[in-house]
Amino acid sequence: MKQIAFILSVCAGPVFATCPAPVDYSSELEALFAEARAAPNDMAGQEVSNKMWQVWLRAPDEAAQEVLDKGMRHRQIFDFAGALEAFSRLVDYCPDYAEGFNQRAYIHFLREDYSNALIDLDKALVLSPSHVAAQSGRALTLMNLGRTEEARAQLLLALENNPWLSERFLLLEGGPLAPSGKDI
């Protein structure tokens, strides 16, 4: 019987455990947002963006990190079904970890399942309101749903904390999120 319990715990992983509360990295992210706003050029801005990702991708514990990393590996090889399974497992295990929802939303987005992407992005943003990647992902999702005004407003919020997002070009004249019309 002990062998069966051991096998179940190894195979099922964090399903039988309790995820700790995510660490509050808000002060670290606020410093990175300030650094991004002060970055002198795109290269420096991208370096800061990479630092933000390093923060968001810190899972609450080793088990969650393992599942997150597994999902990322699946995504990297375009195994979206495997990635979706891993990220779903992650959000079930760590329902207070915003990045689990953000990553699952990205898989939904890549699969053109924009409705489910939006649901997960909204959950991520409830958990982490200034999550710039979730904000920009939400803008792209809204754009694909034809909700242009909401998408523009969401992207502008994201750009307040990271003006170097590549999505900023969507707001340029002729871009899909550019303001319509010009004042004379």
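These are my notebook entries on a predicted model of a protein chain.

**Entry 1: overall make-up**

I began with the secondary structure, and I found nine helices and zero strands in the protein chain. Read from the N terminus on, the elements run α-α-α-α-α-α-α-α-α. I then looked up burial, and of the 184 residues of the chain, 43% count as buried. For the surface, I noted that the chain exposes about 10,400 Å², and that carbon and sulfur atoms supply 57% of this area. I also looked up the contacts with a separation of 6 or more, and residues 24 or more positions apart account for 55% of them.

**Entry 2: the nonpolar cores**

Which members of the largest nonpolar core touch the most other members? Of its 22 residues, I wrote down Leu-29, Leu-32, Met-52, Trp-56, Val-132, Leu-155 and Leu-177 as the answer. Helix H2 (26-38), helix H3 (42-56), helix H8 (132-144) and helix H9 (148-161) each supply at least two residues of this core, and H8 gives the most, with five residues. I kept a general remark beside this: in soluble globular proteins, nonpolar side chains tend to be buried together.

**Entry 3: helix H7**

Helix H7 covers residues 114-127, and its 14 residues reach 20 Å from the first C-alpha to the last, close to the 20 Å expected at 1.5 Å a residue. Which residues of H7 are buried? I listed Tyr-114, Ala-117, Leu-118, Asp-120, Leu-121, Ala-124 and Leu-125. To read such a list, I recalled that an α-helix has 3.6 residues a turn, so residues three or four places apart point the same way. What covers the buried residues of H7 includes helix H6 (98-110), H8 and H9.

**Entry 4: two positive phi values**

Phi of Glu-112 is near 60 degrees, and Glu-112 is found in the loop between H6 and H7.

Are these residues buried or exposed? Phe-78 is exposed, because its relative accessible area is 65%, and Glu-112 is exposed with a relative accessible area of 60%, where exposed means over 50%.

Note on methods: Residues numbered from 1 in each chain as written. Predicted model: local features only at pLDDT ≥ 70, side-chain atom pairs only at ≥ 80, totals over all residues. Heavy atoms only, no water. Core = buried A, V, L, I, M, F, W, Y, C linked by side-chain atoms within 4.5 Å. Buried < 20%, exposed > 50% of the residue type's maximum accessible area, 1.4 Å probe, protein only. Helix = DSSP H or I, 4+ residues; strand = E, 2+ residues; numbered from the N terminus. Contact = heavy atoms within 4.5 Å. Areas by Shrake-Rupley, 256 points an atom, 1.4 Å probe, with all protein chains shown as cover. Expected span 1.5 Å × (residues − 1).
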